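Me: Please take a close look at a single part here: the packing inside. Keep it brisk.

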Amino acid sequence: MTDPGSTAQPRSGAAPAEAPPYDRHDPAIFPVRCLRFLPRALIVAAMVLLGLLLVGTVYPIVGARGRDMLNRTWSRCLLRICGVRLRVQGQPLMQGPVLIVANHVSWLDIFVINAVRPTAFVAKSEIRRWPIVGWLVAGAGTLFLQRGHRHAIHSVGEAMKGRFASGESVGLFPEGTTTEGYVPLPFHGSLFEPARQAGVTIQPVALRFMRHGQRDSFAAFVGDETLVGNLWRVLGARGLAVETFYLPPLDTDGQTRLEMAADARARIQQVLGD
C-alpha cells in the first residue's frame, strides 16, 4: 500500500496458494454487530476530532518528545477502542534513526507500529484523501509519495534522510500493497537506498493478525473492499489481535538495496510461516 515501487500494482485480493482459506465471515447476527460497531465508531470519530485538534494546537509547541508521546498514546487508545489487542515480541529499536520495514495487511498496521515507537511512514498520496485514516496519518507526519511523478522517489528519499538526521524512525511497507498476511509479496528495494546511503539501521517487523487466538485474515484490507466496509467488519468484531515481531536488524555491510529487501522479506516470511 505504501511502496513507491508499486505504482502500477493494485491491492492483492487473492490469497497465495500456500495460505489458509480466506474467510471473512462473522457468525454474529446483524443486531449484535451493530451493538459493537456503533459505540466504537462514535468513539473513533471523537478520537479523530481530538487528534486533529492536537495536531493543530498542541503539536507545534510540545516538541518532538511530546509529539512522540501523544502519537504512541493515541495509537494505543485507538487499537483498544477498535477491539484489537497488541502483543509485542522481540526488541524494538527505541532510540536513534531506524528504517522499519514490515509486511502489510491492514490500515491498522501504521497504528500498530506507532503504538510501540512513533514512526513516520512512507505512503502513497491517495491515502491522504481517505476518510478518517487519511486525516490521522497526515497529522502524524506521514511522508506522501506522489506516484507517477518522475522525481517522486528522489524527493521522498531526501525527506527520509532528513528524518534520519533528526534521529527519527521511518516506516515502509515494501510489498507495495496489502495481503492476507500469510505470505508476503516480493519486497521492492527503492526506498531501502536512503537508509543504505545514510548508514541507518534497518529493522524488519513481522505482523501476524489473529482472531480468537488463531491466525486469521479477517481484518485484512484487500481486494475491492472499501475502507468503510473494512471498518464495519473490524469495529463490529471481537477477539482480534495482532502479534508484532521485532526482528534483529539486517546486516547491511556490502549489500545492495535489492539484497537488503530480499533479506528482510525472508526473515519476515520465516515468522509468518511459523
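Reply: The largest nonpolar core holds 45 residues, and Trp-107 and Phe-111 have the most contacts inside it. H1 (30-57), H2 (59-81), S2 (98-102), H3 (109-114), S3 (120-124), S6 (201-211), H7 (227-235) and S8 (240-246) each supply at least two residues of this core. A second, separate core has 27 residues, including Val-101, Val-122, Phe-192 and Ala-195. A nonpolar core here is a set of buried Ala, Val, Leu, Ile, Met, Phe, Trp, Tyr and Cys residues joined through side-chain atoms within 4.5 Å. Buried means under 20% relative accessible area, exposed over 50%, and partly exposed in between (1.4 Å probe, protein chains only).

This is a predicted model: local features need pLDDT of at least 70, side-chain atom pairs count only at pLDDT 80 or more, and totals for chains, interfaces and linings use all residues. Numbering starts from 1 along each chain as its sequence is written, and side-chain values use heavy atoms, without hydrogens or water.

Now S6. Of its 11 residues, 10 are buried. Helices (H or I, at least four residues) and strands (E, at least two) are DSSP runs, numbered from the N terminus. Two strands pair if DSSP finds at least two bridges between them. S2 runs parallel to S6, joined by 5 bridges. There, Ile-100 stands opposite Gln-203. S8 pairs with S6 in the antiparallel sense over 7 bridges. Leu-207 has Thr-244 as its bridge partner in S8.

S7 (214-215) is antiparallel to S6, with 2 bridges. Arg-211 stands opposite Gln-214. S6 and S7 form a hairpin with 2 residues between them. In that turn, His-212 has a positive phi of about 55°.
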